[in-house]
Amino acid sequence: MHSISVRDLTLNFGSHAVLKTMNLDVAEGEFIVLLGPSGCGKSTLLNCIAGLLDISDGEIWIKGQNVTWAEPSERGIGMVFQSYALYPQMTVRGNLSFGLKNARMPKAEIESRVARAAKILQIEPLLDRKPGALSGGQRQRVAIGRALVRDVDVFLFDEPLSNLDAKLRAELRVEIKRLHSRLNNTMVYVTHDQIEALTLADRIAVMKGGVIQQLDAPQVIYNRPANLFVAGFIGSPAMNFLPGAVVDGGRSFRLGEHSIALEGYDGRAVDLPRAILGLRPEHIAIATDPRPGTSLPAVVELDEPMGADSLVWLKAAGQQMSVRVPVERRLEPGTPVYLHLDLPKASLFDAATEQRI
Amino acid sequence: MADLTKGPRGAKPRKILSRRNIMLYGILFVISVYYLLPLYVMVVTSLKGMPEIRLGNIFSPPVEITFQPWVKAWAQACTGLNCDGLSRGFWNSVQITVPSVILSIAVAAVNGYALSLWKFRGAETFFAILIVGAFIPYQVMIYPIVIILREIGIYGTLWGLVLVHTIFGMPILTLLFRNYFSSVPEELFKAARVDGAGFWGIFLRIMVPMSLPIFVVALILQVTGIWNDFLFGVIYTRPDTYPMTVQLNNIVNSVQGVKEYNVNMAATLLTGLVPLIIYFISGKLFVRGIAAGAVKG
């Protein structure tokens, strides 16, 4: 049984389709991250699952129940918002127990649930404070607690860490991951931050224009992007794209006057007049000597030391490229070098359809 | 070479009697005097006896302070056949203002809440029509309302006037509340829905407690507006239920006998006291509420 099942979900705002016949199955206990640029429909999808938005067509199932027309509170979900959305006039205790009181739960039960959530999130000393007297990290903990006390199987997170500074964000990210492994409930997490997506997710759904572009494990998304958009969106610094053509029955890639042998690339063997070769900066090595068939001459333009490693910008075959090297390796601008390409880890795209070959 | 140790150091000295300050405070002082002078004249006149007033020195302070005009204005001044002063009008006004204020604010708050957070099909149109109501001159509607009130049998009663005040307060108050609730973060509303609160639950337990400033604004607007209302009061009530303003007019404009300026001044001051007190108690909140409501349209 799927924990959440979205079937043919369509949402129109007027004549504009925000979500287009979307299908998504989330397994029990799975951590799914919806990732995409702003306006891609990821938050909208989450709001539809929560029941905060009425959908135009399709079905939503949670825990084997068709909840398409159910109220948010009847769906067995807890939700955490970007702006924390704590009730300002209530204490932390009041915030945590508000939903339980609405459900007319016995007082003793409410108290034990609040105490348990406060213990898990380590907010016990804050219970009698108002949200105004809390820091951002504490507020978001309380917001998570409000979902926790509901004792539901499905947690929905709507960019929960976006309002926090970098240090707190990293801390809470770990905490959310720990919470997931402890509670083992289903989590759907919306973010535009790929680090959050790659670190937290069991599977990532990369979205654009109301359509899921690729739904897979983070490693697969990173190493074998399904199309040009996913390849360009994931990874920082971004993947290098080299436009050219696939020739020799799919055995080599022509880039201007250079020819690169597609050794070890596991794609289909077809010729394509317009193709794009994608290589991540860490899948290229800088050497002084050429390597026949899989190297490109290049000229160093700039290097950016980034602490742990260093990013070198070069010009090769008329294209700007970036390569990740150890920080100790300093390269003077203007130095001619050879780029050794790790082709088994490359991605090849059809320039017309933008799909992976 | 100049002695570098003698350079300026520490806080920069400020001149209190600078040209800018003299201009600023001078103008403020003149304007204050200009606005306070009439009030001063009213207060001193109300504390003088008639012989002293006849001397004609309206700016001079009272030689012999007497509270007799105040007593007379409150308890003895005659309007028509009744000679029990403004007290009757005062209590009428209280009976009109309190239910009108409570009713109009309650209805408008719910209106604004529904229009901003529970957007239904046609909500914008509905709101636009309501706002148009604020721009139609009252005079156009006076006679039709007389007929409506007569038909439903409450013409001339206090409740008829309460109804009229509630209706006429609706456009501006709804606008006020709608804009205020629009500025409430939407996620708060969503969180409350996930927590299982319904239409009234969210309104009463989340929205109302965080809306004190806007309720104060509405309170001041309505108390002042309804207390000071003359037109509706004179049209929709009968002499024994006249509000204070109408009675004040009848006292001040009575053509019989000697004009008792001191009584008139005292009566006017008495009538203006209620809005003034409300403003002084809640003025700070008023400014905050107006600013908050203005953030988002």
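Guide: Start with a term: buried area is the accessible area (1.4 Å probe) that two parts lose on being put together, summed over both. This is a predicted model, where local features need pLDDT of at least 70, side-chain atom pairs count only at pLDDT 80 or more, and totals for chains, interfaces and linings use all residues. Residues are numbered from 1 along each chain as written, chains are lettered from A and ligands numbered from 1 in the order written, and side-chain values use heavy atoms, without hydrogens or water.

Visitor: OK, how is chain A divided?
Guide: Chain A has domain 1 (2-232) and domain 2 (240-350), with bounds from an automatic or database domain assignment.

Visitor: And what area do domain 1 and domain 2 of chain A bury between them?
Guide: About 740 Å², 51% of it on carbon and sulfur atoms. Y222(A), L228(A) and A231(A) supply 61% of the area that domain 1 of chain A buries against domain 2 of chain A, more than any other three residues.

Visitor: New topic: what is the strand order in the open sheet of chain A?
Guide: The order is β6-β7-β8-β3-β9-β10, with mixed pairing. Strands are DSSP runs (E, at least two residues; helices are H or I, at least four), numbered from the N terminus, and two strands pair if DSSP finds at least two bridges between them.

Visitor: Which strands are at the edges?
Guide: β6 (77-80) and β10 (211-216) of chain A, each pairing on one side only. Strand β9 (203-208) of chain A pairs with β10(A) in the antiparallel sense, over five bridges. In β10(A), I212(A) is the bridge partner of M207(A).
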